[in-house]
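I opened a new model today and kept notes as I went. Here is what I looked up, entry by entry.

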Amino acid sequence: MTQPIQWSDAFKVGIEKIDFQHKNLYEAISRFLTAVAENKDVAEIKKMLDFVGNYIFEHFSTEEDYMGRYEYPAALHHKSEHQAFIEEFRRMKNQYELDGATKFISLQLEGWLISWLQKHVAGSDTALGLFLKKKL
Ligand SMILES: [Fe+2]
Ligand SMILES: [Fe+2]
């Protein structure tokens, strides 16, 4: 089976710690989506989704620490994207927990998660990487 989401070095933003976390994030999301596609045990799927959520929070705080430390001028905008993500993620996760791992919610979550992450990494995170490379 092809992986639903796959990391590529082309997504690198040039900051080792951020790239390392992005790669781990892609892998965690891929494991979660594969488990959904294979109809794995609900408790197992929930654990994977919790892991993705926690890892994303940790990752956002890594980026936001960098922004604070180096006085990143676009920090407010970047952080608002993170915040919007967290709110939507929580909403979908609650729905997931209420309704169970239905195909509809899984597909919704999959489509949104992948497109958000790809767009954010290619846009805001790449811009942050370019800024940090000049500072580090
Ligand atoms: Fe970010
Ligand atoms: Fe990121």
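**Entry 1: the first metal site**

I began with the iron ion (ligand 1). Its donors are Glu 63 (OE), His 78 (NE2), His 82 (NE2), His 120 (NE2) and Asp 125 (OD), at 2.0 to 2.2 Å. Donors here are N, O and S atoms within 2.8 Å of the metal (3.2 Å for Na, K and Ca), and water is not among the atoms, so sites may look incomplete. I wrote the spacing of these donor residues in sequence as E-x14-H-x3-H-x37-H-x4-D. His 78 sits in helix α3 (residues 75-99) and Asp 125 in helix α4 (residues 103-135), so this pair ties together parts that are 47 residues apart in sequence. Helices (H or I, at least four residues) and strands (E, at least two) are DSSP runs, numbered from the N terminus. I found both His 78 and Asp 125 buried. Buried means under 20% relative accessible area, exposed means over 50%, and partly exposed is in between (1.4 Å probe, protein chains only).

I also noted how to read the model. It is predicted, local features need pLDDT of at least 70, side-chain atom pairs count only at pLDDT 80 or more, and totals for chains, interfaces and linings use all residues. Residues are numbered from 1 along each chain as its sequence is written, chains are lettered from A and ligands numbered from 1 in the order in which they are written, and side-chain values use heavy atoms, with hydrogens and water left out.

Which residues hold the iron ion (ligand 2)? I listed His 22 (NE2), His 59 (NE2), Glu 63 (OE) and Asp 125 (OD), lying 2.1 to 2.2 Å from the ion. Their spacing in sequence is H-x36-H-x3-E-x61-D. The four donor atoms subtend angles of 82 to 169 degrees, which makes the arrangement irregular. For the rule, I looked up the cut-offs: four donors count as tetrahedral if all angles lie between 85 and 135 degrees; four count as square planar and six as octahedral if opposite donors are over 155 degrees apart and all others between 65 and 115; anything else is irregular.

Glu 63 bridges the iron ion (ligand 2) and the iron ion (ligand 1), which lie 3.5 Å apart. His 59 in helix α2 and Asp 125 in helix α4 link distant parts of the chain, 66 residues apart. Both His 59 and Asp 125 are buried.

**Entry 2: Gln 21**

Gln 21 is in helix α1. I found Gln 21 buried, with a relative accessible area of 5%. Leaving out residues up to four places away in sequence, Gln 21 touches Tyr 55, Glu 58, His 59 and Thr 62. Contact means heavy atoms within 4.5 Å.

**Entry 3: the core**

The largest nonpolar core has 39 residues. Such a core is a set of buried Ala, Val, Leu, Ile, Met, Phe, Trp, Tyr and Cys residues joined through side-chain atoms within 4.5 Å. Ile 29, Phe 32, Phe 85, Tyr 96, Trp 112 and Leu 117 touch the most other members. α1 (16-37), α2 (42-69), α3 and α4 each supply at least two residues. α4 gives the most, with 11 residues.

**Entry 4: aromatic rings**

How many aromatic pairs does the structure hold? I noted 11. Rings of Phe, Tyr and Trp (its six-membered ring) pair if their centres lie within 6.5 Å; planes under 30 degrees apart count as stacked, over 60 as edge-to-face and the rest as tilted. Phe 51 and Tyr 55 have ring centres 5.9 Å apart and planes at 20 degrees, so the pair is stacked. They are four residues apart in helix α2, separated by about one helical turn. Phe 51 is partly exposed at 42% relative accessibility, while Tyr 55 is buried at 10%.

Tyr 72 and Phe 131 form a tilted pair, 4.9 Å centre to centre with 50 degrees between the planes. Tyr 72 is in the loop between α2 and α3, and Phe 131 is in helix α4, 59 residues away. Both are buried.

**Entry 5: helix α3**

α3 has 25 residues and reaches 36 Å from its first C-alpha to its last, close to the 36 Å expected at 1.5 Å a residue. The expected span is 1.5 Å times one less than the number of residues. Its buried residues include His 78, His 82, Phe 85 and Tyr 96. Their cover includes α1, α2 and α4. Gly 100 follows α3 with a positive phi, near 85 degrees.
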